[in-house]
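Keep the structure in view as you read.

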Amino acid sequence: MKRINLGLQGGGAHGAFTWGVLDRVLQDDRIEIAAISGTSAGALNGAALKAGMIENGRDGARANLDWLWKQVGAISAPGFTDWVAAFGPATPFMAQALAYSPAYAAFDAASRMFSPYVFGAVFANPLERIVEQFHYDAVCDQDGPELHICATNVRSGKIRVFAGHEISANAILASACLPTLFRAVEFDDPATGKSEAFWDGGYTGNPALFPLFARHLPDDILVVNINPLVRDTVPTDPQTIQNRINEISFNSSLLRELRAIEFVQRLIADGKVEQGQMKRVLVHMIADDLLMNDLNVATKTLATPVVLARLKAAGQAAADAFLASHFDDLNERETIDLRAMFS
């Protein structure tokens, strides 16, 4: 049995890629998920997986993830989803068509010109109706994978990680609260006993890896990355510039933690710290930057069945390829070169 932790990034509707990854991992009973840290879409995926697993094991986790993304906007009828994805327009064309559609252009302009506090309920988070349906007795259960949800405290600018019975509908909505679209999520924080305001966790931890460093957890962290680290094309129009700014911003906290992991690995390798004094974390990553380069901020915001179906299928394929190549490496060695990543 290979025990791993999962780090699940946020990225709006692109979180359907993570859905596919998790669906494939859950089918492999040689893998045990010990803990999950998730932000935004990663928080929703993590909560759905945890609740489903508590209620009905791996099959329950897969079914609950299917339910989540059906609510978000995917078509999940067996066979029909594949048919729609196969005969729909090419992914880059769909992404461009969505980005330049009059409806999205009006939405994008409004989000840049007006505060979400101006229109009140018009800018209510559409995820609220979904998140409120989670079974929180299962999400917060002490059994099953540990779950950590990351948000950003608006006033302090610090990361806030919710775990155990701290996790609520408000905590998950806070993790997915983009400040240009939605009002800050405000509630009494059990850590401070005061009313606090929160924005999307991606600004401070996308996802937060440090909760997974605990000694009782396995050394391996599998990061599911849905914000491309590299884009070969330099953005030139307002939408693509803003999209790339968001990608860089939402990857910066992850890269910072990966740098810290690589630094500790060097200290251990050079004998500058005693064995066991610091944890040697083994990092793995599943991503599809080629696909994500074909997508854009519009496909993050507008959950269309064809794109979601393709993202799920891409996630399944990426996880399948990772397990075929690296299953034996789990619990033994790292499968990405962190030093090369930062050079």
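## Ground rules

This is a predicted model: local features need pLDDT of at least 70, side-chain atom pairs count only at pLDDT 80 or more, and totals for chains, interfaces and linings use all residues. Residues are numbered from 1 along each chain as its sequence is written, and side-chain values use heavy atoms, without hydrogens or water.

Helices (H or I, at least four residues) and strands (E, at least two) are DSSP runs, numbered from the N terminus. Two packed helices are described by the angle and the distance between their axes. Axes are lines fitted to C-alpha atoms, for helices over the stretch in contact, and angles run from 0 to 180 degrees between N-to-C directions.

## Helix α1 against α13

Helix α1 spans residues 16-26, and helix α13 spans residues 305-326. Their axes come within 6 Å and cross at roughly 45°. That makes α1 oblique to α13 (under 35 degrees is roughly parallel, over 145 roughly antiparallel, 65 to 115 roughly perpendicular, the rest oblique). The crossing is right-handed (the near helix is turned clockwise from the far one by less than a right angle; anticlockwise is left-handed).

Residues in contact (heavy atoms within 4.5 Å) include Phe 17 and Trp 19 in α1, and Leu 308 and Leu 311 in α13. By class, this contact has 10 nonpolar, three polar and four charged residues. Ala, Val, Leu, Ile, Met, Phe, Trp, Tyr, Cys and Pro count as nonpolar, Asp, Glu, Lys and Arg as charged, and the others, Gly among them, as polar.

## Helix α1 against α2

Helix α2 covers residues 41-72. The axes of α1 and α2 come within 9 Å and cross at roughly 155°. That makes α1 roughly antiparallel to α2. Here the crossing is left-handed. Among the contact residues are Trp 19 and Leu 22 of α1, and Met 53 and Trp 69 of α2. The contact has 10 nonpolar, two polar and four charged residues.

## Asp 28

Asp 28 lies in the loop between α1 and β2 (31-39). Is Asp 28 buried or exposed? Asp 28 is buried, at 6% relative accessibility (buried is under 20% relative accessible area, exposed over 50%, partly exposed in between, with a 1.4 Å probe and protein chains only).

Leaving aside neighbours within four places in sequence, Asp 28 contacts Arg 58, Leu 323 and Phe 327.

## Met 285

Met 285 belongs to strand β8 (residues 282-286). Met 285 is buried too, with a relative accessible area of 16%. Met 285 and Thr 335 are 50 residues apart in sequence, yet 7.7 Å apart in space, C-alpha to C-alpha.
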